[in-house]
Every structure is written in structure tokens, then in C-alpha cells.
Amino acid sequence: MSATDQRPVTAPPRAARVATWSYFGLNGFAVGMWVVHIPSIEQRTGITHSTLGLLLLVLGGAAFTGMQVAGPLVDRLGQRRLVPAAGVLLGIALAGPGLATNWWTLGLTLILVGFGNGSIDVGMNAQAVVVERGYPRPIMAAFHAMWSIGGAIAAVVGAATLRAKVPTEVTLGLSGLLCIGIALAASRFLLEATVPPEDVVEGERVKPPAKLVWALGGLAFGLMLSEGVANDWAALHFRDILGTSVSTAAYAYGSFAVAMTVGRFLTDRVAAVVGPAAIVRWGAAMAAVGLTVVIVVPSVPVGLVGWAVFGLGLAGGVPQLFTAAGNLDPRSSGALMARVVGMGYVGLLAGPALIGGLAHWMPLNLAFILPVVLCVLTFFGGPVLKSRR
């Protein structure tokens, strides 16, 4: 068998791009379906809010573990095996919470959901880096926008099925089957990672500096912590600080989420012109300005604009960091990405909790100074992306 015959069969980049979109959408849809059904699952299992909070920590811990396990497996087994397997696992696990009847059965199912979510998160981002190498321009941010689209579809579907009083176990079970079908159908179009000729060094292997990996992870931590603050506290800021109704408060998060999704579709074109470091730096600066406006101006219209600017600023930074991590060393891109994605995920989980703790000592809007400071630090730390292009 010739060397050419030994190469893995790969799909054209266009087909691989669409397949990777599918996995990002699948992941966003699965997470969204779980989130939409949290109230009904809480009622079905008879657990308290505090117990739910602890179980969500279990979910987060399982997701982080899944990331750290999946990273090395991506490099060892290949993306065409790991990514579909993670998608199938997440689809199977998604049915579990709808069948849970008490706290411990729900906890067991959430371990599987978290592990599957963390595994596919690392795998699909690693695949996105490989697909992006086949294009002459950045395309990573659009993949992350598809995650948001998947979540939005889940919100619409979940609201419709709940309104129609479809049993939760039926909805989540069918959603899981859909995820499994998409994961298997898209698997044949995935690409395997290859080592560019310029990265092959005769007789030695140059590993990326550990400080650079930690720096990328630290930036991801700050940006995703800021995102987590908006996810959990934007609506509460409108209700508690500005005194709006619950329905009006929902627009605060809505303005942030819509701006972030639109920004991710626009980021790739801008990144092709100004480069990833500029996207991270000036996006963080924009986010800091937007949230500062939210803090200092007690107005609903201005607040909506501030949260939208905050979302637009955060939209492009994380995709650039994931791309940079995946390209540090193509032979261990999965493991490197697992570290950076994992640190970002820790920030996403820690942000809401930290703001909640600060809100016990100061008004909620003043607690938002923390993500502002992190965005400013990201502005000054952004040039680290120029260390290895």
C-alpha cells in the first residue's frame, strides 16, 4: 500500500464545514433543551432550588472532566471517531433527566449529560480548527454562532412542547434521538488533523511554551466569566436595579444574546482584515465600555444598548483564543484546546457565583465592575495572540 493510500479519506472543506456547523448546532440545541426543561424536571423530581444548585455544580464538574478526557483522545483516536461518539453520548444522555424521579437519579443522568457536553465541546472546536485550515480566511466565529442558533431553536421548540403539555421525557427523548441522528449523519464529512509540513522538524518536536497556553486559558477565563455574568444577571439587573417588570427584564439578556450572535457572524470577516489579536483586544475594550454604561447609567433604553454593546464586544474573542490554542501544535491540538476550553468553562461557571457573592456586599450593578476589570486586562493581554500565529 502506498503512502498516498494510507492517508485518511477526507471530505472537501465545504462539506466538513457544514458538518461542523451541525455539531455546534447540535450541542447548542441539546444544552438549550435541558435548560428549558429545568423547571419541569425540578418539579417532577421534587428537589429544592438548593439541591438543584448542587446538581448543576455536578453537571459543570462532569463537563470539565469530559473536556480533559476528550482532549488527549482527540489526538490519539482521531476527530472522526471522537466527535461523533461524543455527539451520540450527549444524545443518549439528554433523555436521562426527563426520566429521573429523584435527586440521585437526576444527578447520575446529569453526570452523563455534562461529560457528553464537555467531550463534544472540545472535539467540535478541534474539528473547527482543522476545517479552518482549509480556508484562506477565518471561519471559527461562525461555528460559535451556530451554537447560539441551536440554543435559540431549542428555546422555541421547548416552549412549544411545554405549551402543548408534551411530557418532558418524550420531548427530551425525541430530542436525544435527533442529536444522535445528526451526529451519525455528519460523521462521514469530518476531517482528520494533519501536521503542516512547516511544523515537522527533523529529529525533534518543539512544544509550545507552557506560559503561552496558560495565557490563552487566562484570557478565555476572563471573557467567558464575563459572558456567564450576562447570562445569569442581565435580567436581574433590570428587575432589581432599574425596577422593571419580569417581562421587560427579559429584554436585557435578549439584547445581549442577539448582539453576540450577530457579532459572531460578522467577526470572521473583520478578523480576516485586522487579525485575531485586534479582535480580542478591541472587542474586550468594547465590552468594558458597554458594561460600564450599564453600571453608571440607570436607564432602561441605555441599559439595553449597554448590554448589546457588551455582547457585541465579547462575540469574537473566545473563538480567536480557541483557534490559537488549536494551532499551537497540530499534533496535540486536542489536549491543548482542552486546557484552554476548560479554563474558559471554569470562568463561565464561576462568574455568576462570584457576582452573587459580591452582590451581598454591594449593589448588583457595582458588582459588575469585576467583569469590566477582566475585560480591561484582556485588552492589555490580547497581544499574546501575536506570539505564535
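This is a predicted model: local features need pLDDT of at least 70, side-chain atom pairs count only at pLDDT 80 or more; totals for chains, interfaces and linings use all residues.
**Close-up 1. Arg264, a buried residue in a salt bridge.** Residues are numbered from 1 along each chain as its sequence is written, and side-chain values use heavy atoms, with hydrogens and water left out. Arg264 pairs up with Glu227 in a salt bridge (a side-chain nitrogen of Lys or Arg within 4 Å of a carboxyl oxygen of Asp or Glu). Their closest N and O atoms are 3.9 Å apart. Arg264 sits in helix α11 (residues 246-274) and Glu227 in helix α10 (residues 210-240), so the pair ties together parts that are 37 residues apart in sequence. Helices here are DSSP runs (H or I, at least four residues), numbered from the N terminus. Glu227 is buried too, at 15% relative accessible area.

**Close-up 2. Glu169 and Arg44, a link between two helices.** Here the closest N and O atoms of the salt bridge are 3.1 Å apart. Glu169 belongs to helix α9 (residues 168-187) and Arg44 to helix α3 (residues 38-45), so this pair ties together parts that are 125 residues apart in sequence. Glu169 is partly exposed at 29% relative accessibility, and Arg44 is partly exposed at 39%.

**Close-up 3. Asp240 meets Arg239.** These two side chains form a salt bridge, 2.8 Å from N to O. Asp240 is partly exposed, at 44% relative accessible area, and so is Arg239, at 39%. The count of salt bridges comes to three.

**Close-up 4. Helix α4 crosses helix α7.** The axes of α4 (residues 49-77) and α7 (residues 103-133) come within 6 Å and cross at roughly 35°. An axis is a line fitted to C-alpha atoms over the stretch in contact, and angles run from 0 to 180 degrees between N-to-C directions.

**Close-up 5. Helix α7, end to end.** From first C-alpha to last, the 31 residues of α7 reach 45 Å, close to the 45 Å expected at 1.5 Å a residue. In α7, 24 of the 31 residues are buried, so this helix is largely enclosed by the rest of the structure.

Definitions and conventions. The expected span of a helix is 1.5 Å times one less than its number of residues. Buried means under 20% relative accessible area, exposed over 50%, partly exposed in between (1.4 Å probe, protein chains only).
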